[in-house]
Amino acid sequence: MPKTKTLYICSACEHEQAKWMGMCPFCRQYNTLEEKVIRPEGVKPPRMGAVNTEDVFESPVLLSDIPTDIVADRKPTGVPELDRVLGGGLVPSSLLLLGGDPGIGKSTLLLQICRHMASDEFPILYVTGEESASQIKMRADRLGVNVPGCYLLAETDLHNIQAAVEEIQPSLLLIDSIQTMRLSELSSLPGSVTQVRECTAFFTYLAKQQSTAVLLVGHVTKEGSLAGPRVLEHMVDTVLYFEGEGKDAYRLIRAVKNRFGSTQEIGVFEMGEEGLTGIADPSAYMLAGRPIGVPGSVVTCSMEGTRPLLTEVQALVSYTNFGTPRRTANGMDYNRMVMLLAVLEKRAGYKLQTYDSYVNIAGGLRIDEPAADAGILAALASCYKNKAVDPYTMVMGEVGLAGELRAISQAERRVTEAARQGFKSCILPAANKGKLRAPAGMRVMGVAHIGELLGVLL
């Protein structure tokens, strides 16, 4: 009887290889050999998802006849900050991917979801491939997770997981983690490109066919991206990233992809003995303890999804005797900082060739949008001139290479957030001031060039 065999096929040149190699011997490309199972004629693939061959084909339906109430059936997780990131809660039949560094709190968050959601009417199956059931039980006792409808399975084989799903019929399936799951028909090790892709495809089918929401935990590489094939992020409905340093008390959950809500939305949490606690007012949390009346400290506002978040920009400009000054950026793009230093030197006349320059976004937050340019530039100029900026003034705006301040998006929401935090004045691009309805008690000043900006501040 013919046997099933395994081949490794290059995704670049389709060269076939009997064994895996790091480099394709034909096209000389690295990490392109992918495992493929070759079955003889008449041999069926392993049963996955209890597929009924009579129901595989579905007739096309009119777009107008398809129900749209799936998003309306969201189930709140009981963690308000997580619900905010998801857009209101878990959507039935959705597939979510949660990535983050080791020890940042992914497994803790899963148990907190179980504590708030699990019930006899909403059973949850927690599948762990990294820890034993007793280890999960110890953490659950510490977090106070003792609710009906919460099932635990320490397993990595997909066939056994499928049998458990068919028996329990859970409304939510938690997989910790996708890199430990394996399909026994594949000879590659768990965590390989082929195993991760095939296991994710199985959970995708499971979510869509049985109306079960599936949350996958994923490992990340040392660069901070999700381990495994890039197609992993394309297959799921929502991609969430856990951000934050292990030594910091706070954590961020950011949605980089969400088919049922806004992207780049963030939830702010504080890690404590009882798990993750949501921070309802992250702006006040980020600004707590900031120095008052110190040169080099300026408050700006960044938009994280639909949430305006006030952050403190700290700058230090120090004279150096070395021929090449040092530039360091923490919490922002290094090249953006160098560009702002060049604009400050060329357009405002600041002589920074003999000064080391350091920029830090306080609190460990990372700012990627250009609306913080004016705040960063103002902090650098403040430290260079050794003059403090009014602590109750917020600065925002995009800075161009000609030194102009360009318009930013959602300026009114940013100004409203600043007024709510007790700020008295705001400096923003002149293009935004004409369309802005300033809150009561807030003084808004529009400037068109960095010369005007520095003249008002310093």
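## Contacts along the chain

Of the contacts in the protein chain between residues at least 6 apart in sequence, 66% join residues at least 24 apart; a contact here means heavy atoms within 4.5 Å. The model is predicted, so local features need pLDDT of at least 70 and side-chain atom pairs count only at pLDDT 80 or more, while totals for chains, interfaces and linings use all residues. Residues are numbered from 1 along each chain as its sequence is written, and side-chain values use heavy atoms, with hydrogens and water left out.

## Overall make-up

The protein chain has 12 helices and 21 strands. These are DSSP runs numbered from the N terminus, with helices being H or I of at least four residues and strands being E of at least two. Taken along the principal axes, the box filled by the C-alpha atoms is roughly 85 × 55 × 50 Å.

The chain has 458 residues, of which 47% are buried. Buried means under 20% relative accessible area, exposed means over 50%, and partly exposed lies in between (1.4 Å probe, protein chains only).

## Charges

The protein chain carries 46 positive and 51 negative charges, and their mean positions are 8 Å apart. Lys and Arg count as positive and Asp and Glu as negative, whereas His and the chain ends are not counted. Each charge is placed at NZ of Lys, CZ of Arg, CG of Asp or CD of Glu.

## Packing of α2 and α3

Helix α2 (residues 106–117) packs against helix α3 (residues 133–143) at an angle of about 65°, and the two axes are 10 Å apart. The axes are lines fitted to C-alpha atoms, for helices over the stretch in contact, and angles run from 0 to 180 degrees between N-to-C directions. The α2 and α3 crossing is right-handed. A crossing gets that label if the near helix is turned clockwise from the far one by less than a right angle, and is left-handed if anticlockwise.

On the α2 side, the residues that meet α3 are Ser107, Thr108, Leu111 and Arg115. Their counterparts in α3 are Ile136, Arg139, Ala140 and Leu143.

## Backbone features in loops

A cis peptide bond runs from aspartate 176 to serine 177, with omega near 5°. Serine 177 sits in the loop between β7 (172–176) and α5 (193–210).

Arginine 28 has phi near 65°, a positive value in a residue other than glycine. Its loop joins β2 (16–17) and β3 (33–38), and arginine 28 counts as exposed because its relative accessibility is 54%. Serine 211, also a residue other than glycine, has a positive phi near 55°. Serine 211 lies in the loop between α5 and β8 (213–218) and is partly exposed, because its relative accessible area is 47%.

Threonine 6 belongs to strand β1 (residues 5–10). With a relative accessible area of 23%, threonine 6 is partly exposed. Beyond its neighbours within four places in sequence, threonine 6 contacts Ala18, Glu35, Lys36, Val37 and Ser187.

Glutamate 270 belongs to strand β11 (residues 266–272) and is partly exposed, with a relative accessible area of 35%. Threonine 6 and glutamate 270 are 264 residues apart along the chain, and their C-alpha atoms are separated by 48 Å. From glutamate 270 to leucine 252, the separation is 18 residues in sequence and 8.8 Å in space, C-alpha to C-alpha.

Aspartate 333 is in the loop between β15 (327–330) and α8 (334–348). This aspartate counts as partly exposed, at 37% relative accessibility. The C-alpha atoms of aspartate 333 and leucine 226 are separated by 21 Å, and the two residues are 107 apart along the chain.

Alanine 407 is in the loop between β19 (405–406) and α10 (411–420). Its relative accessibility is 43%, so alanine 407 counts as partly exposed. Not counting residues up to four places away in sequence, alanine 407 touches Glu398, Pro429, Ala431 and Asn432. Serine 192 is 215 residues from alanine 407 in sequence and 46 Å from it in space, C-alpha to C-alpha.
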